[in-house]
Amino acid sequence: MVRLGFPKQKRLLKARDFQRVFDRSSAKASSRVMLLIAAPNGLNQPRIGFIIAKKQVRLAVQRNRIKRVIRETFRSFDSGDFSYDVILLARKGVDQQSSRKIRIEFENLWQKLMLRTKGNKN
RNA sequence: CGAGUUGGCUGGGCAGUCGCCUUACCACUUACUUUUACUCUAAUCGGCGAUCACUGCAAUCGGCUUUUGCAGUGAUCGCUCAUCAUGCGCCGUAAAUGCGACAGGAUAAGGACUAUUAGCAAGGAUGAUUGGGUAAAGGUAAGUGGUACGGAGGAAAGUCCGGGCUCCAUAGGACAGAGUGCCAGGUAACCCCUGGGGGGCGCGAGCCUACGGAAAGUGCAGCAGAAAGUAUACCGCCGAUCGAUCAUAAGGGGCUACCCCUUUGGUAGGAGGUAAGGGUGAAAUGGUGCGGUAAGAGCGCACCGCACGGGUGGCAACAUUCCGUGGCAAGGUAAACCCCGCUCGGAGCAAGACCAAAUAGGAAUCCAUUGGCGUGGUCCGCGCCGGAUUCGGGUAGGUUGCUUGAGGUAUGUGGUGACGCAUACCCUAGAUGAAUGACUGUCCACGACAGAACCCGGCUUAUAGGCCAACUCGAAAU
RNA sequence: GCGCCCGUAGCUCAAUCGGAUAGAGCAUCGGCCUUCUAAGCCGAGGGUUGCAGGUUCGAUUCCUGCCGGGCGCG
C-alpha cells in the first residue's frame, strides 16, 4: 500500500538542498513551460522542490495554484524507491495553462525523468 | 415600466474520498534533563605519607667520612576513592582523641561491671572540582500514528498617506528640507471622513473642486496685435481754439465791372482732443440707455454690476431684497520663485530581545582629542570612547516578537452626520521554500478580481454577477 | 521592508527653467546614379510623447493617480 501523504520529508526545504541538486544534477526533463532537474539523494524516496520565480509567474495566486497542482500530482505517484531530489523550475506561460494540462504535462515529464535516470544507472 | 443618482450587503451551495497547517489530547519511538536506587573508579588541582637522590643547617673545637634529626628541591610509588557518612581500645598498619554518665542488676553502701555505652567537644591525609554504567519515576523537545476544533480578502494588491509597536535621549533647540492650505467638527492620527460655505457641471436626484496671499519683492506671457502691464494711440472720429484756401449768403468800409474786414458755410492740413467704433489675442482697465460734446469719455444721470465701511444673520467660512460712501481702481500666473499659517526627529519586525555556536578578535594603510562614533542634511545639545578603509578568516542555527486588538456582534442612548457613550456576549489564520487543494456526484445565476507574512485607520486601483434601501427624470394608468 | 530612476518614430537618442511644425541617425518606401547591387545624393511616409485626469491662454516639460521597465540598500 502506497502512502499518499505529503509530509515535509518529501520536500526540499533548505537552500543547501537546492544547491546540492544543481551541483550534482544527473538528469533533466523539460517542456515549453517547465523544467525538471534531478540528483540522487541516497534516501528511499523522492523529494521535490519548487522554484517558481515572480518574474515568470507574476500573480501569487497563480504561483500557489501551480505548486498545489504539482504537489497533488506528485503525492499520487507510486514512486517506489526512486531516490532522487527533483527541482521543478517554472517557465513563462505556465500560469496561462489549465490545472488539468499542467497535471498531464508534469506526469509525462516525470515518466521521462524516471527512464533517463535508469539509463544512467546502466 | 424605462433611464439614472447615491449608499450599503454579498463574493457559488451541498455530499463523499484523499491530502496540507496550527492548537489540544492519547499511544509509541528517539534524544536531552532532573530525582532516587544500585554499581564502576577515570581525570585535574591541592594535601599527606614512604623510599631514593641532591643541597643546606644542627648534633661536634675544627676538617673529612659515616650516622641521626630537621628543612628545602626533584623523581617514583601510594593514600585521599565512593559515600549523605564510615572509622579512630590494644595489636598490626607509614599515618590520626579527649571528657564521660543517669537508670539498672548485684551489694550493707560503694567500687568494679554495665561502658572503647548514651551524650559532649575537638581534631584530621580523609579536601575541592569534573565523571561512566544500569534501572525506575517525572519533565522537555523532535518524530510517527490516531481523534477533535479551527484555517485568506473586500480589496489580503499598489505601498500613496496616517498611527500603534520596537531601537536610537526621555526625541530637545536652531537652520535647511518636505508636506499641507475655505470654515467647523470627528478621530489615536491623517493628503482621511462628516456637515456647512464659495465656484463650476447637470432638466433633476446629484457630481466635481490644491479653494490662503498678486496692495512685500522678483520673474514669465511665443505668434498675432497700435499696445501685453506701463498706460499708450494703428485705422478711425473730431478739429470748438490756429493759420491757409474756396464760396460770397449776410453786414460794414473804400479809389465801386474790383478790393478789404467781420460773420457764416465748405475743402485740405497742423498743433491738439478722444478711447465711442474697427481689427488681434487666452487676456485690452465695467455693461445698457439717456443726456452731453467739436468729437467723445462715469463727464453727468438712471438701472445693473463692482469695491469699501457699517448694520443684521451665522461658532466660523460666508451671506445680505438693509444703510451709507466711492464713479470704478489694484489685469493674469504662486500644481513659477516666493510670503504667511499649520504639521513633520531618524530608522524599520531582516525593528528589537533571548539562547546556542564560532573566534586569534588578525594584518596593512590613513586620520586622531579644535577628533571619531551613536546620528539620520547641517550646527548645537545629549551619550559613548579610538575611528575609517582594504586584505584575510569565522559564524550566519533556533526561540521569541506573533496575534486580545484604537477587536467584533447585539441592544440602548446622544448627535443632522462622521462618530461618541453604556451594557451584555464572543475569541475569529499565524505559516516561514511559506498551510485552504485535488477528484467525484449534484444544483443554479455556470462563479470575476485575486492569496495574510508585525498590527490597525484610510485612500487608490482591479472586480462575473446577485440582493436591499432612498431619491430623480420620463411614459402609461388611476 | 525601504529608497531612487526611466517610458518620445520599427531601433538608438534629442527637444533651452512651459511657447506651437516634436527633431537627428539607422531602418522602410520612391527617385537619381550604376549593366545590376552596395555605397553616395535627393525626397517622402511613419508619433494620441506609456495611460487617465488636473493647473495653465498653451503641457514632452508642472501636479496627482494608475500601468510597465530598471537599479540600489538591508
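Modeller: Here is a chat about the sheet, the cores and one arginine.

Modeller: Before we start, this is a predicted model, where local features need pLDDT of at least 70, side-chain atom pairs count only at pLDDT 80 or more, and totals for chains, interfaces and linings use all residues. Residues are numbered from 1 along each chain as written, chains are lettered from A and ligands numbered from 1 in the order written, and side-chain values use heavy atoms, without hydrogens and water.

Biologist: What's the mean pLDDT of chain A?

Modeller: The mean is 76, and 80% of the residues of chain A reach 70 or more; pLDDT is the predictor's confidence in each residue, from 0 to 100. For the complex, the predictor gives an ipTM of 0.81 and a pTM of 0.71.

Biologist: OK, the sheet. What's the strand order?

Modeller: S1-S2-S4-S3, an open sheet of 4 strands with mixed pairing. Strands (E, at least two residues) and helices (H or I, at least four) are DSSP runs numbered from the N terminus, and two strands pair if DSSP finds at least two bridges between them.

Biologist: Which strands stand at the edges?

Modeller: S1 (27-30) and S3 (47-51); each has a single partner strand, so one side of each is left without a neighbour in the sheet.

Biologist: And how many bridges join S1 to S2?

Modeller: There are 4, and S1 and S2 (residues 34-40) run antiparallel. Ser 30 stands opposite Leu 35 in S2.

Biologist: Switching topic: how many residues are in the largest nonpolar core?

Modeller: It has 27, and Met 34, Leu 36, Ile 70, Val 86, Phe 106 and Trp 110 have the most contacts inside it. Such a core is a set of buried Ala, Val, Leu, Ile, Met, Phe, Trp, Tyr and Cys residues joined through side-chain atoms within 4.5 Å, with buried meaning under 20% relative accessible area, exposed over 50% and partly exposed in between (1.4 Å probe, protein chains only).

Biologist: Which element gives the largest share?

Modeller: H3, with 6 residues.

Biologist: Last one, Arg 65. Where is it found?

Modeller: Arg 65 is in helix H2. With 23% relative accessibility, Arg 65 counts as partly exposed.

Biologist: What does Arg 65 touch?

Modeller: Not counting residues up to four places away in sequence, Arg 65 touches Val 94, Asp 95, Gln 97, Ser 98, Ser 99 and Ile 102; contact means heavy atoms within 4.5 Å. The C-alpha atoms of Arg 65 and Ser 99 are separated by 7.9 Å, though these residues are 34 residues apart along the chain.
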